[in-house]
Amino acid sequence: MELQKKYKVGIDCRLLGKKHAGIGRYIENLLLEIPHSSLHQQFQWVFVFHNQTQWQDFLAECDDAAFFKAQQVLFAPIQHYTLYEQLSMPAIFSQLDLDLLHVPHFNIPVRYKGKLVVTIHDLLWHEYRGTQVTTLPAWQYWVKHEFYKKIVAEAVKRASVVFVPADTVKSTVTRYFPTAEEKIRVTKEGIGKAFVETKLIHFKKNDALVYVGSLYPHKNIDVVLEALTQLPEFSLDLVGSRNIFQENVEQKVHTLGLENRVKFHGYLKDTELIDLFQKSFALVQPSLFEGFGLTGVEAMSVGLPVIASDIPVFREIYQDRASFFDPNSSDSFVMVIKELQQDPTLYQTLEHHSKVVQAEFSWQKMTEQVLQSYLHVCLA
């Protein structure tokens with residue numbers, strides 16, 4: 001009997017890990033679910049990591065380490081978003097003789113000639129641009145921005161399939177690249193194992209708000225800080241790896257006299273984050289632009305109210321499960337807080353929302369959709 005061909009699929013894992021925020025979480029959970037997919041045996045796997053440390057850190061938190069150790073692993077210690085990446089990665093991927101390459105971000109190696117699929121998490125820098133969003137000198141920013149636009153255009157053009165996390169992102173990609181509509185696949189992100197396995201505790205009203213993410217200007221943290229001046233009983237916990245805009249936020253905190261009410265936590269493990277969620281009044285999502293809103297569904301899954309800016313992608317993902325406010329108005333934010341404080345059925349509502357989001361958002365479902373697309377492309 002002739003053995004069925006196994007298609008050789010490579011995944012660029014160099015952005016895996018918590019320090020790469022949502023993209024790192026996406027890659028990590030995609031990999032973790034591969035051994036549990038009904039299709040994984042159709043493929044011969046090659047995982048390209050940045051270095052040995054990143055690989056070992058992944059294995060240390062993985063229940064299926066034996067599976068991954070049995071696969072081909074390559075290290076490519078090449079910084080993403082650089083000219084060197086474009087010069088070096090095509091040859092590295094070409095030598096692997098892949099049937100398909102998945103680049104889980106826009107930074108495809110444009111000179112690579114093989115079949116590929118790509119994940120576009122958002123088109124933030126198409127929608128939100130200018131020297132106010134960077135600490136680079138103006139000339140350097142605009143050169144880098146042009147480079148970014150060319151790479152994204154090539155990624156969308158070259159990819160056999162473009163994965164996006166939401167219909168809102170699909171609409172944005174289609175607006176800039178109309179001919180790509182037919183090859184875009186919406187694959188919703190999921191909720192991590194630690195969140196799913198957490199037992200809900202009864203919601204207790206207290207005075208702590210929590211934000212998880214970076215502090216880039218489009219994240220719009222200022223509107224929450226300004227609202228705090230009208231909410232003297234509330235504090236704010238900011239969770240996320242330190243970035244270049246933290247000093248700006250610290251200065252705003254100082255200007256508003258909020259030093260004793262705002263705490264910078266840095267990175268927290270999922271178990272630590274869940275503990276913080278369960279002690280807090282609400283998660284705040286004040287962003288002006290997002291591709292999905294993963295921290296919101298994670299918060300909902302453990303029974304935490306979500307206060308989100310009224311933008312299209314949050315309306316799509318959170319539906320009626322979040323409380324929405326005008327992201328340009330601190331008064332609107334304060335009004336939502338007051339409404340939540342006075343809601344007598346809040347806990348029952350949150351318990352229902354937890355069950356709904358856990359059923360809807362699954363890394364396992366997403367991975368199955370991704371592998372089905374792999375197979376379709378390889379067979380084409």
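**Exercise 1. Describe how helix H9 passes helix H14 and what the contact between them is made of.**

Step 1. H9 passes H14 in a right-handed crossing; a crossing is left-handed if the near helix is turned anticlockwise from the far one by less than a right angle, and right-handed if clockwise. Helices (H or I, at least four residues) are DSSP runs, numbered from the N terminus.

Step 2. H9 and H14 (residues 330–341) pack at an angle of about 65°, and their axes lie 8 Å apart. Axes are lines fitted to C-alpha atoms over the stretch in contact, and angles run from 0 to 180 degrees between N-to-C directions.

Step 3. From H9, the residues in the contact are Val223, Val224, Glu226 and Ala227; from H14, they are Ser330, Phe333 and Val334. Contact means heavy atoms within 4.5 Å.

Step 4. By class, this contact has five nonpolar, one polar and one charged residues. Ala, Val, Leu, Ile, Met, Phe, Trp, Tyr, Cys and Pro count as nonpolar, Asp, Glu, Lys and Arg as charged, and the others, Gly among them, as polar.

The model is predicted: local features need pLDDT of at least 70, side-chain atom pairs count only at pLDDT 80 or more, and totals for chains, interfaces and linings use all residues. Residues are numbered from 1 along each chain as its sequence is written, and side-chain values use heavy atoms, with hydrogens and water left out.

**Exercise 2. Classify the packing of H9 against H10.**

Step 1. H9 (residues 221–228) and H10 (residues 246–255) pack at about 15°, with axes 10 Å apart. H9 is therefore roughly parallel to H10 (angles under 35 degrees count as roughly parallel, over 145 as roughly antiparallel, 65 to 115 as roughly perpendicular and the rest as oblique).

Step 2. The crossing of H9 and H10 is right-handed.

Step 3. Ile221, Asp222, Leu225 and Glu226 in H9 meet Val249, Lys252 and Val253 in H10. The classes here are four nonpolar, no polar and three charged residues.

**Exercise 3. Classify the packing of H1 against H16 and list the residues in contact.**

Step 1. The angle between H1 and H16 is about 80°, and the axes are 9 Å apart. H1 is therefore roughly perpendicular to H16.

Step 2. H1 contributes Arg25, Tyr26, Asn29, Leu30 and Glu33, while H16 contributes Trp363, Gln364, Met366, Thr367, Val370 and Tyr374. By class, the contact has six nonpolar, three polar and two charged residues.

**Exercise 4. Characterise the second largest pocket.**

Step 1. About 700 Å³ of space lies in this pocket. On a 1 Å grid over the protein atoms alone, a pocket is an open set of points with protein on both sides within 12 Å along at least five of seven lines, a cavity is a set where a 1.4 Å probe fits but cannot get out, and lining residues have an atom within 4 Å of a point. Grid points are joined across faces, edges and corners, and a volume is the space filled by probe spheres set on the points.

Step 2. The pocket is lined by 26 residues, with Asn29, Leu32, Gly192, Lys193 and Ala194 nearest its centre. H1 gives the most to the lining, with five residues.

Step 3. The lining divides into eight nonpolar, seven polar and 11 charged residues.

Note on methods. Helices (H or I, at least four residues) and strands (E, at least two) are DSSP runs, numbered from the N terminus.
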